[in-house]
Amino acid sequence: MRMWRHCLISGMALWLAAASPASAFIAYVSNEKSNTVTVIDTNNWSVIKTIKVGQRPRGIEFTRDGKFVFVAVGDDDSIQVIDVAKQEVVDTLPSGPDPELFALDAEGKILYVANENDNTVTIIDVEKRARLGDIQVGVEPEGMAISPDGKILINTSETTNMAHFIDTATRQIVANVLVDARPRYAEFKRDNSEVWVSSEIGGTISVIDPAKREVTKKITFEIPGLRSEAIQPVGIAMTKDGKTAFVALGPANRVAVVDTASHKVTKYLLVGQRVWHMAFTPDEKYLMTTNGVSNDVSVIDVAAQKVIKTIQVGELPWGITIAQP
Amino acid sequence: MIRWVVAAIGLSIAATPVLAADATEIGIGYLGRAGVKPKLSLVELPAENDGVAGARLAIEDNNTTGKFLNQRFTLEEVRLKDNEDVAKAAATLAERTGFIIADLPADDLLKAADTLRDRGALLLNAGAIDDRLREQDCRANVIHVAPTRSMLADALAQYLVWKQWKRWLLVVGSHDQDKLYADALRRAATRFGAKIVQERTFEDTGGARRTDSGVTLIQRQMPTFTQQAPAYDVLVAADESEVFASYLPYRTWDPRPVAGSAGLVPTSWHAAQDQWGAIQMQNRFVKLNSRHMTALDMQAWTAARMIGEATSRTRSGDPKAVSDFLKGPDFSVAAFKGRRLTLRDWNLQLRQPILLVDGRMVVSVSPQEGFLHQVSELDTLGADRPETKCKLR
């Protein structure tokens, strides 16, 4: 009986472990060409809903409370708000022309939007749904990142080839750092020791010291059998402990695994075609990538550094955001 | 106080244009002939500011970047009338600007290059597609932004071969540049495995490009001209002179597609190109110029952006420093073609993908998949290093 009870308890525990939402998160993927957002249940990696949104959805992000998803619909010159409970668009935020990527501050109250068409970053008060102002930056602003202390906003401009450091208090540019051609994405290390900027055409990651505001290192990529022109870094994802980074290499169809201490590539993972952006599940067990040309999402097992699954989504998947359901 | 602030952030770039007063001035000249080339289609008639409008947009883009770097770009346009001497004009312009974007015929370009050789000014050829300017007549002070005829022909040939349209009926105009284009097309056919089943010459007998009842006549002429051809897949027309090619689509005796100077046309740029972020630039161009962007506009934009790229990387407006950087191994420029563009160091030709357009849409972009190269797939377009006749002097 005692034995039986023991079995029962451990059995229960096993059952609980299997059913517990250890990996039950929800991923929202923007499909640039379909004008839809695909909702994926990470429990069984299945598509549970396709939501119709505005034209050319790209940048996508959960609100801090997880109740809403913002999606930039560039050709409609706005940012739409998806209600996660209803799984439909419920509201629209005003932005400048052609919003592409945006960053939300730590409290989730202020949204900074890169407007590709008029060389500005627009600041939006999320609660009031109001435009607070614009910051003039370089030509074709795109990548957006906020420093862990919230004091600095980084914006990258694709034709000016710079990372602009913007003081979030004064909303003034305080420094401009030249990087390689067509900077697409910026990501801070959690300890604020480095900010990484990917250059799609230059083919590099510039590692910037946020204190000195200068490039201290450039990470390059080499894949046997591939021309260097095909290696076009875009999305960057770093683990919370800051030890490992993943870099999406666009038409090279690979994600590079980078050791952040040595800045060396340790592995290339083959994913779908033209890989754009990535997001971790909140437990960091999995990393999901959007593959633009093959219209799918790859799932990477972070610990094993292996691609374990491919999920078909809409046409030209671009951005991805993941949260607790 | 200002000095102190500047010192504090001295490691990065001065943040606000506080030093605007002593900004580095970078003058760029634009040298071209007055007047526009004739076209068969009214829709394709170039605007008077064709080319220079692209340079103007690039100056704006450069200045947006320049305000963070304390560099200011200006553009000076010079248009030559028929009897004006190009050498003199180039020399005068070079007194004021260290960089000259040229939209000149081949012989004029060489005259300008030789005049400027000892004056330290750099020429960027945005208009002339002649292969000889990059081969036997190449010059060390001329960078070629425009693609060559052979790059255009190779780009077209790769696509036609990929499409399995390998039997070509080649129709060539009677002017010199038509014959040069035909040479490039013949070379491309041999290179990529197409077969020219027959060649025909379309004689330019003179006459107006626009008449009141032209269509009736053309509808009779073109089918007769193309009848009794051996079996072919595609009619390839070499008509840079704009005499006949645009009359061919839908009028050939056999129902066959047309390519080359009409139908499917290889070009460096088109207003319909919207991939790789190009839509933003197309929008900027339309906003600034109230018209669509042409290939010549794009070539001039790229030339002026190359200078902007080099001045921002070198933090210098000195023509020698900029020229050395452009010719060096670290130079590349992003120009909305999906990959970085670099210079062929043996003849200073800009490597670039070539668009294939049907007048309304981009049909494809060459190099095509599967055409491999040991250095860069872009070098499958045009004369490659082992074939070059260029000795840079």
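1. The crossing of H2(B) and H9(B) is right-handed; by that is meant that the near helix is turned clockwise from the far one by less than a right angle, anticlockwise being left-handed. The model is predicted: local features need pLDDT of at least 70, side-chain atom pairs count only at pLDDT 80 or more, and totals for chains, interfaces and linings use all residues. Residues are numbered from 1 along each chain as its sequence is written, and chains are lettered from A and ligands numbered from 1 in the order in which they are written.

2. The axes of H2(B) and H9(B), residues 295-314, come within 6 Å and cross at roughly 20°. The two helices are therefore roughly parallel (under 35 degrees; over 145 is roughly antiparallel, 65 to 115 roughly perpendicular, the rest oblique). Axes are lines fitted to C-alpha atoms, for helices over the stretch in contact, and angles run from 0 to 180 degrees between N-to-C directions. Helices (H or I, at least four residues) and strands (E, at least two) are DSSP runs, numbered from the N terminus.

3. Which residues of H2(B) and H9(B) make the contact? Among them are Val52(B), Leu57(B), Asp61(B) and Leu69(B) of H2(B), and Met298(B), Trp301(B), Arg305(B) and Ser312(B) of H9(B). Contact means C-beta atoms, placed from the backbone, within 7 Å. By class, this contact has 12 nonpolar, five polar and three charged residues. Ala, Val, Leu, Ile, Met, Phe, Trp, Tyr, Cys and Pro count as nonpolar, Asp, Glu, Lys and Arg as charged, and the others, Gly among them, as polar.

4. H9(B) also packs on H10(B), residues 319-327, at about 105°, with the axes 9 Å apart. That makes H9(B) roughly perpendicular to H10(B). Residues including Met306(B), Ile307(B) and Arg313(B) in H9(B) meet Ala321(B), Val322(B), Phe325(B) and Leu326(B) in H10(B). The classes are seven nonpolar, two polar and one charged.

5. Now the interface. Chain B gives 21 residues to the contact and chain A gives 25. On the side of chain B, H2 (52-69) and H8 (278-289) are the elements that give two or more residues. H2(B) gives the most, with four. That side has seven nonpolar, 10 polar and four charged residues.

6. Glu158(A) sits in the loop between strands E13 (152-157) and E14 (162-167) of chain A. Glu158(A) is buried, with 26 other C-beta atoms within 10 Å (20 or more is buried, 12 or fewer exposed, in between partly exposed; C-beta atoms are placed from the backbone). Beyond neighbours within four places in sequence, its contacts include Glu140(A), Arg182(A) and, from chain B, Gly277(B).

7. Glu32(A) is 283 residues away in sequence, but 6.7 Å away in space, C-alpha to C-alpha.

8. Backbone points to check. Asp98(A) is not a glycine, yet has a positive phi of about 55°; Asp98(A) is buried, with 24 other C-beta atoms within 10 Å. Phe336(B), also not a glycine, has a positive phi of about 60°. Phe336(B) is in the loop between H10 and E11 (343-344) of chain B. A cis peptide bond joins Ser366(B) and Pro367(B), with omega about 10°.

Technical notes:
Two residues are in contact if their C-beta atoms, placed from the backbone, lie within 7 Å.
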